[in-house]
Amino acid sequence: MLRIITCTLGSFFFALSMNAPKRCIPAILSGTFISSALSIILYDNYGNFTACLFATLAVSLYGEILARKMKTPTTVFLLPSVIPMLPGSYIYYSMLGAVNGDERAFTQNLKETAFCSLGIALGTVICSIIIEFIRMIKKK
């Protein structure tokens with residue numbers, strides 16, 4: 001629970017630094033709470049890729065819905081909410097392994113970095129495809 005709270009607090013300050021509208025801050029905090037809680041729960045049971053994929057998918061759908069409702073760009077909700085999932089520690093430890101000559105640590109952490117990054121990217125793309133498909137159906 002402490003990890004979820006600190007993730008939400010960190011994203012709050014990120015949202016402030018990117019000048020997110022004040023009226024959107026509570027929704028951004030909710031999105032961050034959702035993404036960090038989902039990623040932590042799913043990571044323990046299904047691994048890094050699946051956790052990042054489904055947490056990003058959920059928060060992307062959340063962001064798309066709120067963007068329409070609050071007439072604000074989706075990125076205002078999406079960027080701060082994805083911050084807790086960024087693979088910063090994996091990047092750090094892969095570079096540390098490379099510098100120290102520990103090939104096993106380097107490759108393992110680089111693999112986790114790639115899986116997490118791919119999960120975040122795919123979650124966002126899948127959500128965009130779903131939203132665009134829904135728009136196409138509504139236009140007909």
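Modeller: Let's begin with the word patch: patches are built from residues that have over 30% relative accessible area and no salt bridge, joining like charges within 9 Å and nonpolar side chains (Val, Leu, Ile, Met, Phe, Trp, Tyr) within 5 Å. The areas come from the Shrake-Rupley method with a 1.4 Å probe, and for residues only the protein chains shown count as cover. A salt bridge is a side-chain nitrogen of Lys or Arg within 4 Å of a carboxyl oxygen of Asp or Glu.

Keep in mind that this is a predicted model, in which local features need pLDDT of at least 70 and side-chain atom pairs count only at pLDDT 80 or more, while totals for chains, interfaces and linings use all residues. Residues are numbered from 1 along each chain as its sequence is written, and side-chain values use heavy atoms, leaving out hydrogens and water.

Now to our part. Leu118, Leu122, Ile126, Ile130 and Ile134 make a nonpolar surface patch of about 360 Å². Take isoleucine 134 from that group: you will find isoleucine 134 in helix 6, which covers residues 103-139. (Helices are DSSP runs of H or I with at least four residues, strands are E runs with at least two, and both are numbered from the N terminus.) Isoleucine 134 has a relative accessible area of 39%, so it counts as partly exposed; buried means under 20%, exposed means over 50%, and partly exposed is in between, again with a 1.4 Å probe and protein chains only.

Step along to arginine 135, which also lies in helix 6. At 33% relative accessibility, arginine 135 is partly exposed. Its side chain meets that of glutamate 132 in a salt bridge, at 3.1 Å from N to O. Because arginine 135 and glutamate 132 are three residues apart in helix 6, about one helical turn separates them. Glutamate 132 is partly exposed too, with a relative accessible area of 39%.

Arginine 135 has another partner, glutamate 64, and the closest N and O atoms of that salt bridge are 4.0 Å apart. Since glutamate 64 lies in helix 3 and arginine 135 in helix 6, this pair ties together parts that are 71 residues apart in sequence. Glutamate 64 is buried, at a relative accessible area of 12%. Glutamate 64 also forms a salt bridge with arginine 68, where the closest N and O atoms are 3.0 Å apart. These two are four residues apart in helix 3, so they too are separated by about one helical turn. Arginine 68 is partly exposed, with 43% relative accessible area.

That makes three salt bridges in the structure. Go back to the contact between arginine 135 and glutamate 132: through shared partners, Glu64, Arg68, Glu132 and Arg135 are joined into one network.

Finally, let's step back to the whole chain. There are six helices and zero strands, and the C-alpha atoms fill a box of roughly 55 × 35 × 25 Å along the principal axes. Of the 140 residues, 38% count as buried. The loops have details as well: lysine 71 sits in the loop between helix 3 and helix 4, and its phi is near 55°, a positive value in a residue other than glycine. At 72% relative accessibility, lysine 71 is exposed.
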